[in-house]
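Thanks for coming. I have one structure to go through today, so please look at the sequence and the model on the screen.

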Amino acid sequence: MRKLTFLSLAALVVAFPASQALALDSPQDAKVDVFIALSVVETVEMDFGAVIDADGTITLDTNDVIAADPANIHQGGTVASGVYTISGQPSQAVDVAITPANANGLLLANFTTDVGGGTFPLAGVMIDGVGNLAMALGADLTVQSGVAAPGANQALNFTVTVTYN
């Protein structure tokens, strides 16, 4: 029995030598990049001017011009491309998408821009070194006769979604 006890103690000494710890605290590090929160500010509201209540589509370009009106529904008025400033982390890439919220027989589609490839969604466009990205917008407006209600300054809503790339 003494031999067995001695062997058991010898095995414990070999298995857990005095120089090794049974528990260890080892401080480690982690990293994170904290970016400035993204924002979008409208500088100039997109304005298609005046149209008649007739079926047709007009195209507003990014330079304040009605570039197409095959059904001759545009009747003048103030025309303005939308101008927006995206602000965020300087020199970082962002993705930009636009989702129209069409209603009342007035349908927005085919948004264009003077940034990146010119059509949405945009991928990997750069915010400048100061933290801004200026963007002009144009789009198609389709009028559905009999559905669109006559009236001035009707809201044409859309959502600009910006995410860091």
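First, the ground rules. This is a predicted model, so local features need pLDDT of at least 70 and side-chain atom pairs count only at pLDDT 80 or more, while totals for chains, interfaces and linings use all residues. Residues are numbered from 1 along each chain as its sequence is written, and side-chain values use heavy atoms, with hydrogens and water left out.

Now the layout. The chain has one helix and nine strands. Read from the N terminus, the order is α-β-β-β-β-β-β-β-β-β. Helices here are DSSP runs of H or I with at least four residues, strands are runs of E with at least two, and both are numbered from the N terminus. The chain has 165 residues, and 27% of them count as buried. Buried means under 20% relative accessible area, exposed means over 50%, and partly exposed is in between, with a 1.4 Å probe and protein chains only.

On to the core. A nonpolar core is a set of buried Ala, Val, Leu, Ile, Met, Phe, Trp, Tyr and Cys residues joined through side-chain atoms within 4.5 Å. The largest one has 27 residues, and the members touching the most others are Met 46, Phe 48, Val 96, Phe 120 and Met 135. At least two residues each come from β2 (56–60), β4, β5 (93–101), β6 (106–113), β7 (122–126), β8 (132–143) and β9. Strand β8 gives the most, with six residues. Take Met 46: beyond four places away in sequence, its contacts include Leu 60, Tyr 84, Phe 111, Leu 137 and Phe 158.

Some of those names come back in the aromatic pairs. Rings of Phe, Tyr and Trp (its six-membered ring) pair if their centres lie within 6.5 Å; planes under 30 degrees apart count as stacked, over 60 as edge-to-face and the rest as tilted. The chain has three aromatic pairs by that rule. How do the rings of Tyr 84 and Phe 158 sit? Their centres are 6.2 Å apart and their planes are at 80°, so this pair is edge-to-face. Because Tyr 84 lies in strand β4 (residues 82–87) and Phe 158 in strand β9 (residues 157–164), the pair ties together parts that are 74 residues apart in sequence. Tyr 84 counts as buried, at 4% relative accessibility. Ring pairs link Tyr 84, Phe 111 and Phe 158 into a cluster.

Is Val 143 buried or exposed? Val 143 is buried, with a relative accessible area of 2%, and its place is in strand β8. Ala 37, in the loop between α1 (2–15) and β1 (39–44), counts as exposed at 63% relative accessibility. Not counting residues up to four places away in sequence, Ala 37 touches Ser 87 and Gly 88.

Now the largest pocket. Its volume is about 740 Å³. Its lining has 28 residues, with Gly 49, Ala 152, Asn 153, Gln 154 and Leu 156 nearest the centre. The elements giving two or more residues to that lining are β6, β8 and β9. For the definition: on a 1 Å grid over the protein atoms alone, a pocket is an open set of points where a 1.4 Å probe fits, with protein on both sides within 12 Å along at least five of seven lines, and lining residues have an atom within 4 Å of a point. Points are joined across faces, edges and corners, and the volume is the space filled by probe spheres set on them.

Last, the backbone. Phe 120 and Pro 121 are joined by a cis peptide bond, with omega about 0°. Pro 121 is in the loop between β6 and β7. Asn 104 is not a glycine but has a positive phi of about 60°; Asn 104 is in the loop between β5 and β6. Asn 110, in strand β6, also has a positive phi, about 50°.

Note on methods:
Contact = heavy atoms within 4.5 Å.
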